[in-house]
Amino acid sequence: MIYTIIASNNQSYDLPPKTIDVIEKLDKVLQVDKEKISIRQKYQKMLDFVKFMLGEDNAAEILGDKSIDNIDVGEVELLILKIQDAYNDAVIDYRTSKLKDSFDSIPADKLAALTEIGKAIKAK
């Protein structure tokens with residue numbers, strides 16, 4: 001599968017495959033607030049993760065710099081959330097599609113009956 005994010009610079013960036021190593025690193029960076037470390041260390045770990053995922057040059061292109069001192073750390077947080085979403089979207093899309101297919105397979109007369117039952121319950 002191909003996983004892609006659209007960064008704040010409106011450019012798309014492909015992510016590495018969703019391997020155990022990648023998911024473990026993502027999980028660890030999502031838990032960084034639970035660690036007893038300084039704010040600087042927290043954001044440095046987050047930046048290091050973004051660099052690992054996108055490559056150092058791509059991270060610098062998105063963030064405008066390579067140094068934690070010169071970037072908007074809010075953008076780093078947003079990139080991590082976009083990365084998480086990119087990996088989850090394929091599964092969510094599949095489940096949504098299956099649910100829609102199940103819903104679409106309900107005959108119209110049964111669907112109308114369910115609607116009437118719902119209205120009756122709501123009226124009580």
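Asp48 counts as partly exposed, because its relative accessibility is 38%, which falls between the buried limit of under 20% and the exposed limit of over 50%. This is a predicted model, so treat everything here as read off a prediction.

**Around Asp48**
- Asp48 and Ile68 are 20 residues apart along the chain, and their C-alpha atoms are separated by 9.6 Å.

**The largest pocket**
- How much space lies in the largest pocket? The figure is about 180 Å³.
- H2 supplies the largest share of the lining, with four residues.
- What kinds of residues make up the lining? Five are charged and four are nonpolar, with no polar ones.
- As for how such spaces are found, rolling a probe the size of a water molecule over the atoms shows where empty space is left.

**A nonpolar patch on the surface**
- Leu114, Ile117 and Ile121 make a nonpolar surface patch of about 310 Å².
- One of these, Ile121, is found in helix H5, which covers residues 108-123.
- Is Ile121 buried or exposed? Ile121 counts as exposed because its relative accessibility is 59%, and the cut-off for exposed is over 50%.

**A buried leucine**
- Leu63 belongs to helix H3, made of residues 56-63.
- With a relative accessible area of 10%, Leu63 is buried, since buried means under 20%.
- Leu63 and Lys51 are twelve residues apart along the chain, with their C-alpha atoms separated by 10 Å.

**A loop residue with a positive phi**
- Asn10 has a positive phi, about 65°, even though it is not a glycine.
- Where does Asn10 lie? Look in the loop between strand E1 (3-6) and strand E2 (12-15).
- Asn10 is exposed, because its relative accessible area is 65%, and anything over 50% gets that label.

Definitions and conventions. Residues are numbered from 1 along each chain as its sequence is written. This is a predicted model: local features need pLDDT of at least 70, side-chain atom pairs count only at pLDDT 80 or more; totals for chains, interfaces and linings use all residues. Side-chain values use heavy atoms; hydrogens and water are left out. On a 1 Å grid over the protein atoms alone, a cavity is a set of points where a 1.4 Å probe fits but cannot get out, and a pocket is an open set with protein on both sides within 12 Å along at least five of seven lines; lining residues have an atom within 4 Å of a point. Grid points are joined across faces, edges and corners, and a volume is the space filled by probe spheres set on the points. Helices (H or I, at least four residues) and strands (E, at least two) are DSSP runs, numbered from the N terminus. Ala, Val, Leu, Ile, Met, Phe, Trp, Tyr, Cys and Pro count as nonpolar, Asp, Glu, Lys and Arg as charged, and the others, Gly among them, as polar. Patches are made of residues with over 30% relative accessible area and no salt bridge: like charges are joined within 9 Å, nonpolar side chains (Val, Leu, Ile, Met, Phe, Trp, Tyr) within 5 Å. Accessible areas come from the Shrake-Rupley method with a 1.4 Å probe; for residues, only the protein chains shown count as cover. A salt bridge is a side-chain nitrogen of Lys or Arg within 4 Å of a carboxyl oxygen of Asp or Glu. Buried means under 20% relative accessible area, exposed over 50%, partly exposed in between (1.4 Å probe, protein chains only).
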